[in-house]
Amino acid sequence: MVRSIFSFFAKKKKMARSISYITSTQLLPLHRRPNIAIIDVRDEERNYDGHIAGSLHYASGSFDDRISHLVQNVKDKDTLVFHCALSQVRGPTCARRLVNYLDEKKQDTGIKNIMILERGFNGWEAAGKPVCRCADVPCKGDCA
């Protein structure tokens, strides 16, 4: 019995994905790489505050309903970077929801890194990083 419980937790630990943080300075030279997707989980403020060029919008309010769509949409990506306005609540919460979803589904999606942008979009913009103000859905990443 002890061995089977140990095996269960060993497998669980192996499957668990961790979430790490990345700064805007670290992300800037990487954000246009084809293996990276930036996931903007802000709600309506994305429409008037702008966004990081090429980011995908999955509003936190409907994130759970669209999580399978997100997984399908990023099937060629190995790194996802989540953010909201400050990356204090919505960004980390949605990142954790994705981790839980992937662990529950036990499918190999190719996603190896799940990250959160430190200080969120507001920090990105305050640091003078490029902001796109296009209305394209999804953003094609041609701006900034």
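Author: Of the protein's 144 residues, 42% count as buried. Buried means under 20% relative accessible area, exposed means over 50%, and partly exposed lies in between, with a 1.4 Å probe and protein chains only. This is a predicted model, in which local features need pLDDT of at least 70 and side-chain atom pairs count only at pLDDT 80 or more, while totals for chains, interfaces and linings use all residues. Residues are numbered from 1 along each chain as its sequence is written, and side-chain values use heavy atoms, leaving out hydrogens and water.

The accessible surface is about 8400 Å². Carbon and sulfur atoms hold 53% of that surface. Such areas come from the Shrake-Rupley method with a 1.4 Å probe, and for residues only the protein chains shown count as cover.

Next, the layout. The protein has 6 helices and 5 strands. From the N terminus they run α-β-α-β-α-β-α-β-α-β-α. Both kinds are DSSP runs numbered from the N terminus: helices are H or I with at least four residues, strands are E with at least two. Contact means heavy atoms within 4.5 Å.

The largest nonpolar core has 22 residues. A nonpolar core is a set of buried Ala, Val, Leu, Ile, Met, Phe, Trp, Tyr and Cys residues joined through side-chain atoms within 4.5 Å. Ile39, Phe63, Val74, Leu80, Phe82, Leu98 and Ile114 have the most contacts inside this core. At least two core residues come from each of β2 (36–40), α4 (63–73), β4 (79–83), α5 (90–105) and β5 (113–117). The largest share, 6 residues, is from α5. Another core of 11 residues lies apart from this one, with Val81, Met115, Phe121 and Val131 among its members. In general, nonpolar side chains tend to be buried together in soluble globular proteins.

The part to look at is α4. Its buried residues are Phe63, Ile67, Leu70 and Val71. Seen down the axis of α4, these residues fall within an arc of 95 degrees, so they line one face of the helix. The arc is that of the directions from the helix axis to the C-beta atoms. An α-helix has 3.6 residues a turn, so residues three or four places apart point the same way. On the face turned away from the buried side, α4 carries the exposed residues Asp65 and Gln72.

What covers the buried face? The cover includes β2, β4 and α5. Take α5. The axes of α4 and α5 come within 11 Å and cross at roughly 60 degrees. Axes are lines fitted to C-alpha atoms, for helices over the stretch in contact, and angles run from 0 to 180 degrees between N-to-C directions. The crossing is right-handed. From α4, the contact uses Phe63, Asp64, Ile67, Ser68 and Val71. From α5, it uses Cys94, Arg97, Leu98, Tyr101 and Leu102.

Leu70 sits in α4. Its relative accessible area is 0%, and it is buried. Leaving aside residues up to four places away in sequence, Leu70 touches Ile39, Tyr58, Phe63 and Phe82. Leu70 and Tyr58 are 12 residues apart in sequence and 7.7 Å apart in space, C-alpha to C-alpha.

Ile111 is in the loop between α5 and β5. At 5% relative accessibility, it is buried. Its C-alpha is 9.5 Å from that of Asn35, 76 residues away in sequence.

One last stop is the loop between β4 and α5, where Ser87 is found. Its phi is near 55 degrees, a positive value in a residue other than glycine. Most residues other than glycine have a negative phi. Ser87 is buried, with a relative accessible area of 6%.

Key
Left-handed = near helix turned anticlockwise from the far one by under 90°.
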